Amino acid sequence: MTIAIVEAEIARFLASRDEEVLCISGDWGIGKTYAWKEYLKAAERSGAIGLERYAYVSLFGLNSLGDLRNAITENTVVTRDAEAVPDVAGLRKRLRKAEKWIRKSRPLIEIASASFRIKDAGDALYRAAFLGVRSQIVCFDDLERAGETLKMRDILGLASLLREERKCKVVLLLNKERVDEAAQKVLQQQLEKVVDTFLVFNPTSAEAISITIKGTDPVSATLARSLLSLRIRNIRVIKKVERLTGQLVAALDGFDQRVIDQAISTLALAGWSFFQPDDAPSTEFLRSFNQFSGLMGKKDAEPSIQATWRTVLRDYGYGSTDELDAAIIAGVQTGYFVDTEVRAGAEIVSRRLQDQGKDSSFSEAWSLYHRKFNVPDDVVLDAMEKGIEENLSSLTPANMNAGVRFLRRYGRDIRASELIKQYIDENAHTPNFFSRQNRLFFDDPVDPQLLSRLEQGRTALLGARDPATVLKNMATNKDFDPERDLPLFSALTIAQLVQLLDDHAGEEIKGMAEWLARLARQPGGEALLKKVEAAFAIMAARSRMRADRLRSWSLLPAEQVESTPAKPSRRRRRSAWRIDLRRLHRNGGALSRSGGRKKR
């Protein structure tokens, strides 16, 4: 059933004053409730609603007819303000009317209380207020999720009563396919008797997007195109992605429109993957995807579903997961974006985009391989060499890996090795190029020479860094990189750590010491933490005042401070850690327990 038919039928239903029951069925998340409310708002704005009052009630968790009747009473609003949230003032007004009616009909109420087991005055008041539910629109939502003790027969019976006895218009929203077996049987038996009009809400992707995304700005247009390309028609998913789009675009303020367009395209894909895991490729598959990977063959054949998703992503134009894509996928999974991570990824993508060709010749080489069967092998290989050489500064390590493995497979080992050297030389000064987080190889085999050169570059970069400068930057920027910083400081001895802090014992020491301790507490920093604690102990042993300062900075345990006098006695030196600077120097910074010389 097309959305136009559903929309026209709902408009007719709302405009009419005649009592009737309308049932709308559709899959979960397809947007029944959202569409109903949107059409109701449109009718309210145009003055095309026949009745003056309206109540929306979700049956999710309601366990009795009494609960349902009370919910109708509590949620009734006037249709000229159908977007209003039901409030206490409106409920009080209805209950006051009911109270006046009760006072006038006290003898009748007493009889009814005995006959219908009305519990108390409040129960009687609500029942009396429900008597005022007449000539209004009532929407029952989530019928399939009503509590176990609220039966489908009772719900349909109340809908029938409201139509026949109270002259109401009732709309039922449900997922007919998800109703349990017992309720399904009742529904089949009673649907024809109770429901006047039955509609199936099953919009196409274009229809769902048109209902949900109202903006005409470039961001909305890009998002709509991306969602349509993926054929997403679940309105709940579309709304979630739209909300995240606002956060993402705000984080990317100031970047080139091409970067923003890529980000929105990736967000639509990641949202589909995360919010509809049964209908989309997994987020892990997205993270590991590279259109040039998996081409050289593996021991195990690729599962057919993965081959299908690979085709879907290639058709979508998703080449591979880069640094910006990875940050967006992580943000979708957590529900928010870390601005620093998103902007760092965007900076890398922006630098690659400065070359207008952006891997064009590299992509063309792969296109020759995939799409033209009659091209000579040498022509394809020459194109691959050219594609790599022209895009050395913009190729990700994963794409470079795919390219050189391709050349080696078809006998061009020497040229592949030469290109690896050029690649490393070209990018040696690019920020984070040698970071292991930049190597999105995942399950693809990695060319040994490429991996070796990347590791050599990383080792050289770590070795060239000055620990004092790094520690100052950590304290100033309030940040660190555990992957790079932990190996740098873990290589220092205890004596070197003490000397490092002593050399900066002025105003800088507090921040430097605090951030050194924070780094040491990161996963994988256990060995460094022991050295740092030993270094702080040496510094604390020099005087009570220095110990108190370290304690005030939360860098020294309280019990250790208490056992550290201004001038340690001979007895305490023997019973505590022995801090012998000469032995410390002799052992290369290693401490030993008191009561004996360190055995060699």
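I started with the β-α-β unit: S4, helix H7 (residues 152-164) and S5 form one, and it is right-handed. By right-handed I mean that, with the strands pointing away from me, the path from the first strand over the helix to the second runs clockwise. Helices (H or I, at least four residues) and strands (E, at least two) are DSSP runs, numbered from the N terminus.

Before going on, I noted that this is a predicted model, where local features need pLDDT of at least 70 and side-chain atom pairs count only at pLDDT 80 or more, while totals for chains, interfaces and linings use all residues. Residues are numbered from 1 along each chain as its sequence is written, and side-chain values use heavy atoms, with hydrogens and water left out.

**Strand S4**

I checked burial next (buried is under 20% relative accessible area, exposed over 50%, partly exposed in between; 1.4 Å probe, protein chains only). Five of the five residues of S4 (residues 137-141) are buried, so the strand is largely enclosed by the rest of the structure. Ile 137, Cys 139 and Asp 141 point one way, and Val 138 and Phe 140 the other.

Then I looked up its partners, counting two strands as paired if DSSP finds at least two bridges between them. Strand S2 (residues 53-58) runs parallel to S4 over five bridges, and there Tyr 56 has Cys 139 as its bridge partner. S5 (residues 169-174) is also parallel to S4, with four bridges, and Phe 140 stands opposite Leu 172.

**Cores**

A nonpolar core here is a set of buried Ala, Val, Leu, Ile, Met, Phe, Trp, Tyr and Cys residues joined through side-chain atoms within 4.5 Å. The largest one has 68 residues, and Ile 10, Trp 36, Phe 201 and Leu 227 touch the most other members. Helix H12 (residues 257-275) gives this core its largest share, nine residues. Apart from it I found another core of 35 residues, including Ile 494 and Leu 555.

**H11 against H12**

I took axes as lines fitted to C-alpha atoms over the stretch in contact, with angles from 0 to 180 degrees between N-to-C directions. The axes of H11 (residues 235-251) and H12 come within 10 Å and cross at roughly 145 degrees. For contacts (heavy atoms within 4.5 Å), the H11 side includes Val 237, Leu 244 and Leu 248, and the H12 side includes Ile 260, Leu 267 and Phe 275.

**Ser 226**

Last, I went to Ser 226, which sits in helix H10 (residues 218-229). Ser 226 is buried, at 6% relative accessible area. Leaving out residues up to four places away in sequence, Ser 226 touches Ile 264, Ser 265, Ala 268 and Tyr 316.
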